[in-house]
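Subject: Structure for you to look at

Hello,

Here is the structure I said I would pass on. Please open it first, then read my notes below beside it.

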Amino acid sequence: QVQLVESGGGLVQAGGSLRLSCAASGSIFNIVSMGWYRQAPGKQRELVATITSGGSTNYGDSVKARFIISGDNAKKTVYLEMNSLKPEDTAVYYCNINTWKTWKNTYWGQGTQVTVSS
């Protein structure tokens, strides 16, 4: 059984910073990528950032130069450092891990709320 648990969300004032963590447990191997997605009420879930097992990163346009993703495949943990937060960053942030061994497996956390006040 695989479980992903996010932590670090909360309420922060615009311009502030938060650091999200996501730790996976259980039988998870052959990680292809880890990442973060977010979803605000009434909107589609969108890409925040991803990092591959080789270290390549990809960021959504709205968070480039403000957020930094990092990960540790051995520890099965992914982090998201969020800086210069804006009210439009308010959303539920979901951790994601993808694995591949003959077939692709996708795992999601339950989400953590990030609220940025004006």
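A salt bridge here is a side-chain nitrogen of Lys or Arg within 4 Å of a carboxyl oxygen of Asp or Glu. Please keep in mind that this is a predicted model.

Salt bridges

The structure holds four salt bridges. One of them joins Asp89 and Arg66, with N and O 2.8 Å apart. This pair links distant parts of the chain: Asp89 is in the loop between E8 and E9, while Arg66 is in the loop between strand E6 (57–59) and strand E7 (67–72), 23 residues away. Both Asp89 and Arg66 are buried; for Asp89 the relative accessible area is 0%.

Asp89 also meets Arg38 in a salt bridge, at 2.9 Å from N to O. Here too the partners come from distant parts of the chain, since Arg38 is in strand E4, 51 residues from Asp89. Arg38 has a relative accessibility of 4% and counts as buried. Arg38 forms a salt bridge with Glu46 as well, and the closest N and O atoms are 2.7 Å apart. Glu46 is partly exposed, at 35%. Taken together, Arg38, Glu46, Arg66 and Asp89 are linked in a network of salt bridges.

The loop between E8 and E9

Leu85 is also in the loop between strand E8 (77–82) and strand E9 (91–101). Is Leu85 buried or exposed? Its relative accessibility is 2%, so Leu85 counts as buried. Among the residues that Leu85 touches are Val12, Leu18, Arg66, Phe67 and Val116. Leu85 and Gln13 are 72 residues apart in sequence, but their C-alpha atoms are 7.6 Å apart in space.

Aromatic rings

A search of the whole structure finds one aromatic pair. The pair is Tyr37 and Trp108, arranged edge-to-face, with 5.3 Å between the centres and 65° between the planes. Tyr37 lies in strand E4 (residues 31–39) and Trp108 in strand E10 (residues 103–108), so the pair ties together parts that are 71 residues apart in sequence. Tyr37 is partly exposed at 21%, and Trp108 is partly exposed at 35%.

The charged end of Arg45 sits over the ring of Trp108, 4.7 Å from its centre. In the same way, the charged end of Lys76 sits over the ring of Phe29, at 4.9 Å.

Surface

Val32, Trp100 and Trp103 make a nonpolar surface patch of about 350 Å². Val32 is found in strand E4 and is partly exposed, at 38% relative accessibility.

Regards

Conventions
Residues numbered from 1 in each chain as written. Predicted model: local features only at pLDDT ≥ 70, side-chain atom pairs only at ≥ 80, totals over all residues. Heavy atoms only, no water. Phe/Tyr/Trp six-rings, centres within 6.5 Å; stacked < 30°, edge-to-face > 60°. Helix = DSSP H or I, 4+ residues; strand = E, 2+ residues; numbered from the N terminus. Buried < 20%, exposed > 50% of the residue type's maximum accessible area, 1.4 Å probe, protein only. Lys NZ or Arg CZ within 6 Å of the ring centre and 35° of its normal. Patch = residues over 30% accessible without salt bridge, like charges linked within 9 Å, V, L, I, M, F, W, Y side chains within 5 Å. Areas by Shrake-Rupley, 256 points an atom, 1.4 Å probe, with all protein chains shown as cover. Contact = heavy atoms within 4.5 Å. Lists of a residue's contacts leave out its neighbours within four places in sequence.
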